[in-house]
Amino acid sequence: MKMLMKGNEAICEAAIAAGCTAFFGYPITPQNEIPEYMSFHMTDRGGVFVQAESEIGAINMCYGAAAAGVRVMTSSSSPGIALKQEGISYLAGAQLPCVIVNISRSGPGLGGILPAQGDYFQCTRGGGNGDYYMPVYAPFSVQEATDLIFKAFDVADVYRTPVMVVADGMLGQMMEPVEINARPPVKTDKSWATNGESGTRPRNVVNSLNLNAEALEAMNHARFELYKEIEQKEMMVDNRVQDGDEIAIVAYGAPSRIVINAIDELKAEGINAGLIRPITLWPFPYDVFQNLPKSVKHILVCELSMGQMIDDVKIGVAGKYPVNFYGRCGGVIFEPSEIADAARKIVKGGC
Amino acid sequence: MGVCIVTGPYGSGKTEFCVNLARKIAEDTGRGVTIADLDVINPYFRSREKAEWLAAKNITVMGDCLDNNTGQDLPAVSYAFLSRVRRGENVIIDLAGGENGLKLLASCYSAIESCPKYEFLCVLNLFRKETASVAKMVNFVHRINNISLLPVTGLVSNGHMLRDTTAEHVLESEQAAIEASRMLGVPLGYTMLRRDIYDGVRDKLASERILVFDKPTMREDWQ
């Protein structure tokens, strides 16, 4: 049955329904409802909740719980996610499944509490050290956020990797009718877990430290084989560009809804535009940009940042089209009319 | 009207109710209305976001003492509205959700209690988890009454699912609120609903006071 839920609450309900039994967090606006909700509902349902001493403490508790083989989640907002980067790199190095939720705000530094998308580089390029990636899901509605939480836990388990769900503050705070489409967790072999059964099998050690150069290189190669598989199987994109569209507008997350309204405005005046909405920011849907209808002449990237995803769009486009940008930042949210103006100028100016 | 204090669970639609009530009173009486935005919990979707727009409708939003800064993470509560309460002006107090939101009420208790006329309304939506049944609605009002110095004097049925709202949602929520009101011995103060739905159900609504709005004030069109 559908209920009216705030993004942050719905993410918690989905995580619990997905079998998350451990949550470690620390308060920061605009994600505070997540630890608050978890503090009420985790223990009721047999799980563990700890408000850690810091974001760093929380991510390292996730490392411990993940190593013990349970489904674990943490959440924070941009500056807090920055603090977690060391732990995320360790999770990737130790090949541990964990779901990290980023309800992003404006930056850099402490920045502000209003919504922004300036964490694209941080989440898709590995904010921590070493050679690693992690799957990053960017929902555009509260419903999609809940659906992607189930996906995130499954993907984390299947590929033994940290997975991030990034939604800006708007989506975290926004209410929408939601149905929690619970599904049984995918079954994976967790015989690597350090769950205290050393009497029955050789001892398990979970570690990202490897002082043997060749062995560490081999581990990195093996992990990158997994990344290739993730790129092939897990990439998700909502491509609404149709034959006849002159301009493709690329946006992700809640701001893509503003773009959808702008596209309606443009269509009403005879300018055909279509949305490309990457749902996974990594792996990024590069191929989409090589297979656009012939009618497409221009690309416009819209982000609540100074322009970060635009770099990936340019890789995808590979010089085939001019790539334009329109963004607002600092917590300012663009209006549909601003996007429509930018698109109109590009189409009419023919640049 | 005097003073109207508005409470309810998180996300029950308190702010939307306050803004719509303020508009109705400003229109009906031709007098100014003050909204005291005392939401110190949720930094988004606060009435101060619409302060400029409401000012043109003779409604003053008094949020924090930092010029209604919407990006403010600190409470910085302004009690300047209390002078308007004491003068007997129309003041709507928009509290933050749940029990925590009530804490600010303690600071203005004496000013409100000495008002000749005040209402303390609790906004309920059957489609929010905390008030998803009659029993839960009753329980929520009990929780508020247990810690509040002022008892709830009326319920507001705000049954909705945002854009997916149907007449059934409105009527079902109102029925539950009526049942809760009977059990609590507290009247149903208002039923709030969108105009396009109101046109189809006006004969079926039980509440004496109906608050009708054209579109949600606190949500942008694209949201």
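Hi everyone, let's start with the surface of chain A. In this predicted model, chain A exposes about 13,600 Å², and carbon and sulfur atoms supply 54% of that area. Inside, 58% of the 351 residues in chain A are buried.

What is chain A built from? It has twelve helices and 14 strands. Its radius of gyration is 21 Å, close to the 20 Å that the globule rule gives for 351 residues, so chain A is as compact as a globular protein of that length. If you follow the C-alpha trace along its principal axes, it spans about 70 × 45 × 40 Å. Now think about who touches whom along the chain. Among contacts in chain A with a separation of 6 or more, 80% are between residues 24 or more positions apart.

Next, please find the sheet. Seven strands of chain A form an open sheet, in the order S3-S2-S4-S5-S7-S6-S12, with mixed pairing. Which strands stand at the edges? They are S3, residues 48–51, and S12, residues 280–282; each has a single partner strand, so one side of each is left without a neighbour in the sheet.

Let's zoom in on strand S5 of chain A, residues 98–104. With S7, residues 162–168, it pairs in the parallel sense over seven bridges, and there A:Val99 stands opposite A:Val163. With S4, S5 also pairs in the parallel sense, over four bridges; here A:Ile100 is the bridge partner of A:Thr74.

Is S5 enclosed or open? Seven of its seven residues are buried, so this strand is largely enclosed by the rest of the structure. Here's a handy general point: in a regular strand the side chains alternate between the two faces of the sheet. For S5, both faces are covered. On one side we have A:Cys98, A:Ile100, A:Asn102 and A:Ser104, and on the other A:Val99, A:Val101 and A:Ile103, all of them buried.

A helix comes in here too. Helix H7 of chain A, residues 142–159, lies across S4, S5, S6 and S7, and runs at about 160 degrees to S7.

Finally, let's meet the partner, chain B. In this model, 25 residues of chain B are in contact with 30 residues of chain A. The size of an interface is often given as the accessible area lost when the parts come together. For these two chains, the buried area is about 2,200 Å², and carbon and sulfur atoms give 61% of it. Which residues of chain B lose the most area to chain A? They are B:Tyr44, B:Lys129 and B:Trp222, together making up 35% of what that side buries.

Note on methods. Residues numbered from 1 in each chain as written. Chains lettered and ligands numbered in written order. Heavy atoms only, no water. Pairing = 2+ DSSP bridges. Helix = DSSP H or I, 4+ residues; strand = E, 2+ residues; numbered from the N terminus. Contact = heavy atoms within 4.5 Å. Axes fitted to C-alpha atoms, helices over the stretch in contact; angles between N-to-C directions. Rg over C-alpha atoms; globule rule 2.2 N^0.38 Å. Buried < 20%, exposed > 50% of the residue type's maximum accessible area, 1.4 Å probe, protein only. Areas by Shrake-Rupley, 256 points an atom, 1.4 Å probe, with all protein chains shown as cover. Buried area = accessible area lost by both parts, 1.4 Å probe.
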